[in-house]
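Subject: Structure handover

Hello,

The structure is below, followed by notes on what was found in it. Please read the notes alongside the coordinates.

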Amino acid sequence: CSENVTGELTQLLSSIQTAVKAVSAAVRRAGISDLFGVAGNTNIQGEEVKKLDILANDLFINMLRSSYACCMMVSEENENVIEVDAEHQGKYIVTFDPLDGSSNIDCLVSIGTIFAIFKKQQPGPPSKADALQSGRNIVAAGYALYGSATMLVLSTGQGVQGFMLDPSLGEFLLTEADMKCPARGNIYSANEPEKNTVKCLDSKLTTQVVTSTHY
C-alpha cells in the first residue's frame, strides 16, 4: 500500500552505498595513506584489528547514523550495540562487518563488507531484542567486494542484483541482474579453516563429498 511507503529503506540503502564508496576509496589508497598494518587492539572475535577496520567501521557508523533511517547498529568491531540518538532514529536495524577478510589487507587480496537490515518490531526505543531477530526477518542484505573493481550485491527479497562501481561516474551500475547459482557446475568449494577440530569438515569427508557428487 503506497500510504505505508516512507522511503526510509531507500534512504538507508543510499547511505550504505555511500559508505561502500568511501571504503573502496580508502582501500585503494591504503598503501599511500599508511593504512596497512594492525591498530594494536583486538575485536570481540579476538582478531587483530587493522587500521582499515577502524576506518571502515567509523565510515559505516557515521553514514548510518546520519541517514535518519537507522535506530540501531551491530558491528563486528564493537562489543555492544550502537544506538542512534533519538532525533536521528529511523525504524531499521543494521548489522554489519565493515571489512571482512581484513587479514588479507596487507597482501592486496580482495576484502569486503557484509550487511543485513532488520525492521524494528515494536514502537518506541529499540531494544537488544530488535537486534537479535531471526534471519527470516531480514528486510534486505548484501555485500560489497573490494578488488580489481568494487561490486555491490544486494537483495531485498525479490531476487539478487549485482552492481559495479564505475569510477568515472562515481556511481553503481547494474551489471548482474537476477543473479542465481547455476543448476549445474563443476566447481567444489568449502571453507575448511577448522578442519582439524571440526569433525564434519575433515579431509576424509571432503573427499567423500567430492567423489559422491555427480555433475
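Asp-178 is a place to start: at a relative accessible area of 43% it is partly exposed (buried means under 20%, exposed over 50%, partly exposed in between, with a 1.4 Å probe and protein chains only). Asp-178 sits in the loop between E10 and helix H4 (203–212), and its phi is positive, about 50°, although it is not a glycine. Tyr-68, in the loop between H2 and E3, also has a positive phi, near 65°. Tyr-68 is partly exposed at 45% relative accessibility. For background, most residues other than glycine have a negative phi.

On conventions: this is a predicted model, in which local features need pLDDT of at least 70 and side-chain atom pairs count only at pLDDT 80 or more, while totals for chains, interfaces and linings use all residues. Residues are numbered from 1 along each chain as its sequence is written, and side-chain values use heavy atoms, with hydrogens and water left out. Helices (H or I, at least four residues) and strands (E, at least two) are DSSP runs, numbered from the N terminus.

The sheet is open and has 8 strands, in the order E4-E3-E5-E6-E7-E8-E9-E10, with mixed pairing (two strands pair if DSSP finds at least two bridges between them). Its edge strands, E4 (82–83) and E10 (171–176), each pair on one side only. E3 (residues 70–75) and E5 (residues 92–100) run parallel and are joined by 5 bridges. Met-73 is opposite Val-94 in E5.

Two helices lie across this sheet. H1 (residues 8–28) lies across E3, E5, E6, E7, E8, E9 and E10, at about 165° to E6. H2 lies across E3, E4, E5, E6 and E7, at about 160° to E5. Contact here means heavy atoms within 4.5 Å; axes are lines fitted to C-alpha atoms, for helices over the stretch in contact, and angles run from 0 to 180 degrees between N-to-C directions.

In H2, the buried residues are Leu-52, Asp-53, Ala-56, Asn-57, Phe-60, Ile-61 and Leu-64. Seen down the H2 axis they fall within an arc of 160°, so they line one face of the helix (the arc is that of the directions from the helix axis to the C-beta atoms).

Regards
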